[in-house]
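Thank you for sending this one; my notes are set out below as numbered points. Please read them with the sequence and the model open beside you.

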Amino acid sequence: MLSSCVRPVPTIVRFVDSLICSSSRSFMDLKALLSSLNDFASLSFAESWDNVGLLVEPSPPHTVNTLFLTNDLTEEVMEEVLQKKADLILSYHPPIFRPMKRITWNTWKERLVIQALENRVGIYSPHTAYDAAPQGVNNWLAKGLGACTSRPIHPSKAPNYPTEGNHRVEFNVNHTQALDKVMSAVKGIDDVSVTSFSARIDNEEQTRISLNCTQKALMQVVDFLSQNKQLYQKTEILSLEKPLLLHTGMGRLCTLDESVSLATMIDRIKRHLKLSHIRLALGVGRTLESQVKVVALCAGSGSSVLQGVKADLYLTGEMSHHDILDAASQGINVILCEHSNTERGFLSDLRDMLGSHLENKINIILSETDRDPLQVV
C-alpha cells in the first residue's frame, strides 16, 4: 500500500518541473528585438553598398525565443537552424545580397528563403555595421595582437547630425520689415530649417538668420537673396560635414605598446584565430625577425580599407594579388587568414554581449556547422 502511494511522486515532480521550465521560457517580439539589436550596433554604421537588416520576415506577429548566430548561412547551417527550432537567424554575412527575380527551388539561396518562410524563421544580417561598431568584429580581431591602442582607419560619421540639410546659409537683417519678408520667404522653401538670434554690429541691433538646407533648397535660397540684396548683409555659405565618431568605423590601425618580431605576431594571430596555418607575404627587406609596431587590420576582404595605410603589417582575410605586391614593395608584411576566419570567432563574444544587452530574455546559440569553405589539404 505504501509503495503505491510513493509511485506517483516522480510523475508529479516531473510535471512541476515541466511547468517551471515552461514558465521560465522567455520570448521577445520580433520588432522589439530588432530595435534592441539596432541599439546594440546601429545599422547606420553599415557601408552604403551593403544589404543589412531584416532580410526575411515571417508574417506578423512573430516572437523569438531562440536567436541563432552564424557567420554564413549555408544549406547545411539551415538544417541545423531547423533542427534546433530557432526563430531568428543572425547571419553576419547577408545571404541575400543581389536582387532576386524569382524564388524557386533551383538555387541554394532561393531555397534558403523558401525554408525560412515555410518554417517561420526570420533572417537578419548586420555585416559591415558590426565591422564598424566599437565593440564589433575589427575590435575583436585587434584583441589577438597584444596590448595596443587602436583607432578606425576610416571613421564613421555621426548618422543624425546635422538633422536637416548639408548646407548652412547665414546672413544679417537689420530692419523688422525686412526681417518679416525674409522669414516668410525662406520658410516657404521645402527642406529648410530656420533659426535666428540677436546680433549687435557696429552698435546697431540686427538679426542673424541661420538656415540649414539641402543642395536643392540652397539654390532657391541663393536665388531669393540675389534678387533682394538690399535686405541682408554679411552672408556666409557653409558646407556641413557630419562629425567623425572616435571609436567607430572601418578597419583598425593598431599601435602595440611594445614592438614584437613578426614571428611572435604570427603565433599570436594563429592562437587568437585558432588556425594552424596562415598565408604570409614578407615585405621587401623584411624577415621573420623584423619588428612589428603598427598593424593595420580589416576583417574579411581588406584591400580597399588597407590601401595606402602606413604600417609594419597588414592583417586581413583576403587581398588581391596585385594589392599584396604593392604592399610588399613598400616593406609592409601581409598576413592572410581566409575571409571568414577573421570574423567567425567574434560570434562567441557576440553571444555574450547580446545576452547581456537583451537581459537574457531569449536563448542565443552558436552554429556548430558554420565553417570557412576553404581548408588546407
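1. The model is a predicted one, and its secondary structure comprises 13 helices and 19 strands.

2. On overall shape, the radius of gyration is 29 Å, whereas a compact globule of 377 residues would have one near 21 Å. The C-alpha trace spans about 105 × 70 × 45 Å along its principal axes.

3. Of the 377 residues, 46% count as buried, and the accessible surface comes to about 20,500 Å², with 52% of that area belonging to carbon and sulfur atoms.

4. Which residues of helix 4 are buried? In this helix, which runs over residues 75-83, they are Val77, Met78, Glu80 and Val81. Because these buried residues fall within an arc of 155 degrees when seen down the helix axis, they line one face of helix 4. In general, an α-helix has 3.6 residues a turn, so residues three or four places apart point the same way.

5. The cover over the buried residues of helix 4 includes strand 4 (66-70), strand 5 (88-91), helix 5 (108-118) and strand 19 (363-366). On the face turned away from that buried side, helix 4 carries the exposed residues Glu79 and Gln83.

6. A backbone detail deserves a look as well: Lys85, which follows helix 4, has a positive phi, near 55 degrees.

Conventions:
Residues numbered from 1 in each chain as written. Predicted model: local features only at pLDDT ≥ 70, side-chain atom pairs only at ≥ 80, totals over all residues. Heavy atoms only, no water. Helix = DSSP H or I, 4+ residues; strand = E, 2+ residues; numbered from the N terminus. Rg over C-alpha atoms; globule rule 2.2 N^0.38 Å. Buried < 20%, exposed > 50% of the residue type's maximum accessible area, 1.4 Å probe, protein only. Areas by Shrake-Rupley, 256 points an atom, 1.4 Å probe, with all protein chains shown as cover. Arc of directions from axis to C-beta. Contact = heavy atoms within 4.5 Å.
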